[in-house]
Amino acid sequence: MRYLENFTALNVFRKTPTVDMFQFNPHLKSLTITETDLSDLDPKVFLPIPNLQSLELSDSNISSLDFLVQANLSALRYLKLTDNEVLMINETIFKSLPSLTYLDLDKNPFTCDCSNAAFIQWVKNNKQTQVVNAHRYQCSSPVDKQGSLLLDFDIDLCRDDGSFLCFISSTCLVVLTLLTSFIHNFLRWHLSYTFHLFLAFLYDSRKRKKGVPHQFDAFVSYNVHDEDWVYREMLPVLEGEQGWRLCLHHRDFQPGKPIIENITDAIYGSRKTICVISRSYLQSEWCSREIQMASFRLFDEQKDVLILLFLEEIPSRHLSPYYHMRKLVKKRTYLSWPQAVQHPEVFWQNVQRALKTGDVLTKNTDLPTGAAGC
């Protein structure tokens, strides 16, 4: 038996051959085993027969060809595996069979999907191995492909265009980076401001439901260049003589707290907001945020919470770049300090009347005003 070159067994084995079955047949060149259950075939069975050139394992319940990778069959030329249970074939298996020139896989229940795309392409393109009757191999699954031909499956549907995906991914990354940079450099403050407006709205809504009284009668919004006028002219009258509780930046803001939160708390913690408007005020970013937030509260609550006090005569043409201010001046009355400089007591009486005014929002009041002219 040592020099046995051909072995054929038709419906002989009751179980899979053991790994030492051919250990004394190193010269075996042709092996045929059919009608046998080889579902758990061990590739070590073939290690003692490296010179095998022909192998047939038909009708043997084989569902995978992976055993060929470790079978060391580099000399194999002829392979017949018909009438088995092979669904899918990895084309890399044939790299382990460099001498293969004949392959017969007829009557296997192939799956016609992308798992067999590489095998289909190999069948069509390889120049060395003749795949017998490949044009007749039929699909058993999926259901909509049953009965169709394996080689008719459109493998183009399975192509993964890596370069296109790379392009899309790179483009998205670049756009995301640019968008993040733009938001960080140009919209960071606006987003923070909008977020605090939303928090202020929730905060004020809860306060109104609970009936919490306001901490101050008015929050005074002014530019640092006008601080001297506020402390010299306004405070002695409104706090000293009239007894109003005013909220001022440098005196009442909480140290260490973000300035936008201090502004929000000041506006929503006061019954009204007094905007002391000057050219310096219009040019200040923080003052602009304060009047925008006060305007938001005005339009949101529909209450008379905003008092405009002009320290200077500012022509309407100079208000054009300041859209929010121009819109407010156009719709609401305002107090003018230059027009009342000869009779300041009348001016402060009008401020007192404005602070006493109820929450009902009206388009006009009987307060003396400057000419809006917008």
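This is a predicted model: local features need pLDDT of at least 70, side-chain atom pairs count only at pLDDT 80 or more; totals for chains, interfaces and linings use all residues.
**Backbone details in the loops**

- Another loop, between β2 (30-34) and β3 (54-56), holds Glu35.
- Glu35 has a phi near 55 degrees, which is a positive value in a residue other than glycine.

**How α3 and α10 pack**

- Two packed helices are described by the angle between their axes and by the distance between those axes.
- Helix α3 spans residues 227-241 and helix α10 spans residues 344-356; their packing angle is about 65 degrees, and their axes lie 11 Å apart.
- Because angles of 65 to 115 degrees count as roughly perpendicular, α3 and α10 are therefore roughly perpendicular to each other.
- The handedness of the crossing between α3 and α10 is right-handed.
- On the α3 side, the contact is made by Trp229, Glu233, Met234, Val237 and Leu238, while α10 brings Trp348, Val351 and Leu355.
- By residue class, this contact of α3 with α10 comprises seven nonpolar residues, one charged residue and no polar ones.

**Cavities**

- Searching the whole structure for cavities of 30 Å³ or more turns up two.
- The volume of the second largest cavity is about 40 Å³.
- Lining the second largest cavity are Pro17, Phe22, Leu31, Ile33, Leu38, Leu41, Val45, Phe46 and Leu57.
- That lining of the second largest cavity consists of nine nonpolar residues, with no polar and no charged ones.

Conventions
Residues are numbered from 1 along each chain as its sequence is written. Side-chain values use heavy atoms; hydrogens and water are left out. Axes are lines fitted to C-alpha atoms, for helices over the stretch in contact, and angles run from 0 to 180 degrees between N-to-C directions. Helices (H or I, at least four residues) and strands (E, at least two) are DSSP runs, numbered from the N terminus. Angles under 35 degrees count as roughly parallel, over 145 as roughly antiparallel, 65 to 115 as roughly perpendicular and the rest as oblique. A crossing is left-handed if the near helix is turned anticlockwise from the far one by less than a right angle, and right-handed if clockwise. Contact means heavy atoms within 4.5 Å. Ala, Val, Leu, Ile, Met, Phe, Trp, Tyr, Cys and Pro count as nonpolar, Asp, Glu, Lys and Arg as charged, and the others, Gly among them, as polar. On a 1 Å grid over the protein atoms alone, a cavity is a set of points where a 1.4 Å probe fits but cannot get out, and a pocket is an open set with protein on both sides within 12 Å along at least five of seven lines; lining residues have an atom within 4 Å of a point. Grid points are joined across faces, edges and corners, and a volume is the space filled by probe spheres set on the points.
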